[in-house]
Amino acid sequence: MNEPRVYRHSLIQMGLLIILLGLSGVVLLFVNRYAGYAFLIPFAGILGIVYVMSISTAVSDDEISTRSLFGTKSLRWSEISRISGSGNAVKLHNLDGDVTVSPNVQLPGYAEIVEWIGTKRPDLFDPLAFSEMKRGVPVLTLLVVLALLTLGILIGFSIAFLDTPGEPVVVMLPILLVVIINAVLFWMVFSMPQSVTLNGSSMLIKYLSREKILPAAEIASVELQFTQTRNGKDYFVALNLAKGKPIRISGLRPNAPVVYHVLKNWHKKYARTALEDQRN
């Protein structure tokens with residue numbers, strides 16, 4: 001790669017948003033006597049868009065750099081000594097810790113940036129160094145609290161309405177809604193892997209109510225995928241099995257990019273070993 005690969009938000013889309021907000025501000029300015037200072041809101045949005053437009057990440061054979069209105073940070077691949085971050089974000093540190101590079105998670109092509117990091121510095125994602133990856137306790141606690149709170153609301157509705165004669169059927173709709181929310185919350189708590197432990201050529205996946213041992217040979221591929229939410233892209237690791245439905249792993253520490261590359265490196269090593277054993 002002779003020229004750096006630059007990842008940024010679409011300038012065309014950002015430009016159209018600026019024009020739309022500018023027109024909205026002008027319209028509100030003409031009706032200022034009714035809207036007060038509301039015409040300033042679109043212009044504040046324009047400043048936000050200008051900042052978003054300035055955010056970019058450039059990747060080359062020699063280095064990775066990030067840019068914003070506040071300046072540019074760069075690290076040569078050989079200067080990176082460790083990796084950190086939480087959630088979907090990844091932060092690269094130099095040896096002294098005085099320079100960090102953190103690509104914006106919502107940039108188009110963020111998954112490609114993550115791939116570049118794993119390709120250039122696979123040693124940062126040693127399966128032996130990350131043999132056990134767990135879900136953060138606050139996330140699990142929040143889900144359990146929400147589930148118990150919803151269950152309490154369900155019991156309260158039941159006591160308030162079910163023993164009252166002559167209530168119309170429409171009164172049951174809030175109870176039905178609470179039942180659905182409660183079921184979804186409990187499904188989230190019990191269906192998400194709580195930890196992944198790498199034991200040689202096999203992986204131990206722990207759920208709240210069960211465990212699953214998965215040999216590397218049964219995994220066809222490891223991919224970094226995402227779902228689009230109102231707050232942007234939410235990344236997760238997909239274990240595509242040779243037989244059966246993919247297993248989705250998300251929310252494990254330290255972050256999604258590290259979990260992805262650790263599992264990918266682990267699978268690359270042991271799936272190849274298993275294949276060679278079968279041939280012999």
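So, contacts over sequence distance: among those in the protein between residues at least 6 apart in sequence, 55% join residues at least 24 apart, where contact means heavy atoms within 4.5 Å. Quick caveat before I go on: this is a predicted model, so local features need pLDDT of at least 70, side-chain atom pairs count only at pLDDT 80 or more, and totals for chains, interfaces and linings use all residues. Numbering starts from 1 along each chain as its sequence is written, and side-chain values use heavy atoms, with hydrogens and water left out.

Okay, the overall inventory. We've got 7 helices and 14 strands; these are DSSP runs numbered from the N terminus, helices being H or I with at least four residues and strands being E with at least two. Of the 280 residues, 35% are buried. On that scale, buried is under 20% relative accessible area, exposed is over 50%, and partly exposed is in between, with a 1.4 Å probe and protein chains only. The accessible surface is about 16,800 Å², and 62% of that belongs to carbon and sulfur atoms. Those areas are Shrake-Rupley with a 1.4 Å probe, and for residues only the protein chains shown count as cover.

Now the sheet I want to show you. It's an open one, 4 strands in the order E1-E2-E3-E4, with antiparallel pairing. Strands E1 (5–8) and E4 (71–76) each have a single partner strand, so one side of each has no neighbour in the sheet. Neighbouring strands are turned by 15° against each other on average, direction ignored. For angles, axes are lines fitted to C-alpha atoms, for helices over the stretch in contact, and the values run from 0 to 180 degrees between N-to-C directions.

Zooming in on one pair: E3, residues 63–68, and E4 are antiparallel over 6 bridges, and pairing here takes at least two DSSP bridges between the strands.

Glu112 is partly exposed at 36%, and Arg5 is partly exposed at 40%.

Another is Lys120 with Asp61, closest N and O atoms again at 3.5 Å. Here Lys120 is in H4 and Asp61 is in the loop between E2 and E3, 59 residues apart. And Asp123 with Arg121 comes in at 2.7 Å between the closest N and O atoms. Is Arg121 buried or exposed? Buried, at 12% relative accessibility, while Asp123 is partly exposed at 48%.

Back to the sheet for a surface feature. Val50, Tyr51, Leu69 and Phe70 make a nonpolar patch with about 430 Å² of accessible area together. Patch residues have over 30% relative accessible area and no salt bridge; like charges are joined within 9 Å, and nonpolar side chains (Val, Leu, Ile, Met, Phe, Trp, Tyr) within 5 Å. Leu69 is in the loop between E3 and E4, and at 55% relative accessibility it counts as exposed.

A hairpin joins E12 to E13 through 2 residues, and Phe226 has Tyr235 in E13 as its bridge partner.

Conventions:
A salt bridge is a side-chain nitrogen of Lys or Arg within 4 Å of a carboxyl oxygen of Asp or Glu.
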